[in-house]
Amino acid sequence: MKKAKYLVPNDYMADPSVHVFDGKLYIYPSHDWESGVEENDNGDHFNMKDYHVFSMEDVENGEVTDHGVALSVEDIPWAGRQLWDCDVAYKEGKYYLYFPLKDKNDIFRFGVAISDKPYGPFVPQPHPMMGSYSIDVAVFEEDGKHYFYFGGIWGGQLQRYRNNKALESAILPNEDEPALCPKVAVLRDDMLEFGEEPRDIKILDENGEELKHGNPYRFFEASWMHKHDGKYYFSYSTGDTHFLCYAVGDNPYGPFTYQGVILTPVVGWTTHHSIVEYKGKNWLFFHDCVPSEGKTWLRSLKVVELEYNEDGTIKAIEGMEQ
């Protein structure tokens with residue numbers, strides 16, 4: 001088993017989204033801090049207020065460069081609170097930072113901020129994306145299209161919506177009902193809005209049935225998409241059961257068939273990741289709460305090599321040993 005290592009030992013960073021731009025690895029994490037907000041199931045204690053961007057050219061032995069603050073809550077005209085997991089996409093000389101943020105009514109929306117450089121600073125648009133809701137964005141580019149994945153339950157508010165419309169009150173499925181689906185939409189050509197109505201991503205078992213809400217491996221939050229040997233790997237966090245899991249499909253919309261666990265539970269409540277190929281190896285970026293002695297709102301960024309079996313399945317990584 002390869003050994004994971006911490007990347008930013010002097011600060012608390014979590015929820016990493018990672019991409020290769022201009023031959024470098026760029027990391028876009030959430031920035032945890034001790035805000036003093038009381039812990040609860042809505043995640044109010046995850047009270048992030050800015051983003052830093054990091055880069056590196058040698059994952060195993062290289063230095064990690066902190067490019068400083070790329071965007072702050074105070075820069076965003078429509079801001080309420082809580083800058084959670086973000087991601088960045090590139091198109092025609094511009095870098096687009098997508099971020100969930102509660103508006104002034106405490107409803108999560110997605111915003112867009114733009115820069116000429118992968119490390120920012122990013123200038124936010126004056127309004128959130130139309131029709132956007134919930135949390136945890138990941139953007140996957142293929143053939144000039146940018147697929148925008150999102151969604152998270154509990155504090156992520158996904159249970160407040162059905163068919164992209166707000167409900168009178170939140171509804172979680174019963175244990176024996178299909179789990180709530182993550183969402184995907186292709187972005188508009190200008191990268192500023194959805195180019196279509198967001199669609200459900202179906203995660204199926206080996207019999208072609210949707211995973212049930214009571215299944216410990218069902219989707220909770222933290223979508224990520226990558227491609228390996230021509231197959232699409234949709235990976236995610238199971239939230240309250242604390243796994244990173246993955247499912248495989250034939251196109252970016254799915255459906256995806258559940259395959260197994262990528263990472264077993266780590267120290268801390270949340271688990272959130274990204275997977276990237278760089279210089280001939282595959283890497284899993286994630287976080288845990290060992291340095292903060294288990295404070296779940298103070299997480300530390302880590303990386304470990306990810307390995308595949310010959311049949312394309314992913315070799316599971318033991319979170320507590322990492």
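The questions and answers below go through one predicted model, from the whole chain down to two residues.

Author: In this predicted model, local features need pLDDT of at least 70, side-chain atom pairs count only at pLDDT 80 or more, and totals for chains, interfaces and linings use all residues. Residues are numbered from 1 along each chain as its sequence is written, and side-chain values use heavy atoms, with hydrogens and water left out.

Reader: How many helices and strands does the protein chain have?

Author: Zero helices and 23 strands. Both are DSSP runs, numbered from the N terminus: a helix is H or I with at least four residues, a strand is E with at least two.

Reader: What makes the radius of gyration agree with a compact globule?

Author: The rule for a globule is 2.2 Å times the number of residues to the power 0.38, and the radius is taken over C-alpha atoms. For 322 residues a compact globule would be near 20 Å; the protein chain has 18 Å, so the value agrees. Its C-alpha atoms fill a box of roughly 50 × 50 × 45 Å along the principal axes.

Reader: Why is W84 called buried?

Author: Buried means under 20% relative accessible area, exposed over 50%, partly exposed in between, with a 1.4 Å probe and protein chains only. W84 has 9%, so W84 is buried. Across the protein chain, buried residues make up 57% of the 322.

Reader: Where is W84, and what is W84 in contact with?

Author: W84 is in the loop between β5 (65–72) and β6 (87–91). Contact means heavy atoms within 4.5 Å. Leaving aside neighbours within four places in sequence, the partners of W84 include S30, F46, Y51, P100, F108 and I135.

Reader: Why does T238 count as buried?

Author: T238 has 0% relative accessibility, so T238 counts as buried. T238 lies in the loop between β18 (231–237) and β19 (244–249). Beyond four places in sequence, T238 is in contact with P216, Y217, R218, F220, F243 and C245.

Reader: What makes the pair T238 and T241 a polar contact?

Author: A polar contact is a pair of N or O atoms within 3.5 Å; within protein, one must be able to donate a hydrogen and the other to accept it, and residues adjacent in sequence count only if both atoms are side-chain atoms. The side chains of T238 and T241 make such a contact at 2.7 Å. A polar atom of the T238 side chain also lies 3.3 Å from the backbone nitrogen of H242.
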